[in-house]
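Hi everyone, thanks for coming. I'd like to walk you through one ligand and its surroundings.

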Amino acid sequence: MMDDRIGRLFPAGGPVPADLVIGRTGDIEEIVRRSREAIHTMLTGPRRIGKTTVCAAVCEQLRRDGTVVVDIEVPERTDAKDLLQLVVDRCNRISRSAATRGLLRVALPLIEQTLADQGIPLDLGPLAAQPGLLPTRKILALPLALAEERDRPVVLFLDELQRAADYADGEQLLGDLVDLYSGSTKVVVLVDGSDERALDGMLGAPPQFGKLVDRLILDPRISADIWRAGLAERFVQADLELQPEALEQLIDFGEGRPYPTMTAARYAALGARKLGSATVEAFDVQMAIDEARRHLAEDDHA
Ligand SMILES: Nc1ncnc2c1ncn2[C@@H]1O[C@H](COP(=O)(O)OP(=O)(O)OP(=O)(O)O)[C@@H](O)[C@H]1O
Ligand SMILES: [Mg+2]
């Protein structure tokens with residue numbers, strides 16, 4: 001049965017599930033095509049416009065035709081240690097699950113083998129206590145081992161990579177990524193980020209991340225026509241009748257901006273549910289827009 005809960009149908013904050021993405025088909029196809037051609041991509045744009053949503057949809061599509069996806073949200077930290085632990089964890093999990101499903105040509109999961117051969121523990125904690133001991137490059141190379149193990153293309157998706165530019169060892173980390181993957185066609189790097197200044201820093205002066213990735217700019221807006229169709233369908237999925245005038249109000253308020261549009265639509269749907277009403281009228285949307293405005297203002301201060 002279809003899940004018609006408001007929280008799922010009107011996601012406000014965080015990536016939208018692939019089956020609920022409104023518009024963006026051109027961007028998604030373009031990045032999928034680039035990735036298949038082994039072109040590393042950096043998707044940029046302001047906050048909250050759907051960058052992670054687009055990248056996640058790309059990963060989903062690539063996964064469906066057999067690409068192995070290593071997706072990691074780059075943590076906000078002072079150094080690379082936790083990010084490297086995530087790389088170890090993700091790669092190891094993917095490798096082990098492939099082994100369980102009998103997909104490997106060898107008996108032992110290669111990631112575990114590789115780590116053991118190189119004297120890298122699964123828990124980096126003890127190594128991380130002594131700065132300089134972390135085998136950054138070897139860990140960042142694990143996706144290459146995955147590609148070899150599975151004999152499949154691998155996509156390494158690093159969400160919010162600009163956070164790494166602030167790491168004490170960020171320059172080394174980014175430099176290693178450039179060195180490891182610039183010439184690689186087996187592992188394709190997909191990154192996104194929103195902090196323009198940090199990104200410019202990354203792309204320009206050392207480590208010259210621009211040598212690795214091609215930058216693609218995501219439009220902060222999705223056209224009114226696409227929203228019209230998308231929102232109309234969404235309210236139907238929620239078993240709510242959105243009156244034409246109410247729809248236009250949402251469109252006008254949103255001005256094409258994904259997050260404000262979705263937030264107002266969510267409040268409108270919630271309001272109708274609260275009232276036990278099956279119809280969403282202009283008045284309801286006006287209330288929802290006021291609520292969305294307050295919410296967005298708080299968000300901006302956070
Ligand atoms: N294509 C879309 N369809 C529907 N809603 C969207 C779409 N893109 C973005 N949104 C709305 O914007 C919100 C933020 O999306 P997402 O997290 O993908 O953006 P982002 O640019 O990665 O944000 P951040 O800068 O916080 O990382 C979503 O929760 C949703 O409300
Ligand atoms: Mg994001």
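Predicted model: local features only at pLDDT ≥ 70, side-chain atom pairs only at ≥ 80, totals over all residues.

Residues are numbered from 1 along each chain as its sequence is written, chains are lettered from A and ligands numbered from 1 in the order in which they are written, and side-chain values use heavy atoms, with hydrogens and water left out.

So, who touches ligand 1? There are 23 residues around ligand 1, and Pro11, Gly13, Gly14, Arg47 and Thr53 come nearest; "around" here is a heavy atom within 4 Å.

Now some polar contacts, meaning pairs of N or O atoms within 3.5 Å. Lys51 has a polar side-chain atom 2.6 Å from an oxygen atom of ligand 1. The side chain of Thr53 also puts an N or O atom 2.6 Å from an oxygen atom of the ligand. With Ile22, a polar backbone atom sits 2.8 Å from a ligand nitrogen.

What about helices (DSSP runs of H or I, at least four residues)? Helix 3 (51-64) and helix 13 (258-275) each give at least two residues to the shell around ligand 1.

Finally, the space itself: ligand 1 takes up the largest pocket, with more than half of its atoms within 2 Å of the grid points. A pocket is an open set of points on a 1 Å grid over the protein atoms alone, where a 1.4 Å probe fits, with protein on both sides within 12 Å along at least five of seven lines; lining residues have an atom within 4 Å of a point. Helix 3 gives the lining its largest share, four residues.

Notes: Polar contact = N/O pair within 3.5 Å; in protein donor to acceptor, adjacent residues only side chain to side chain.
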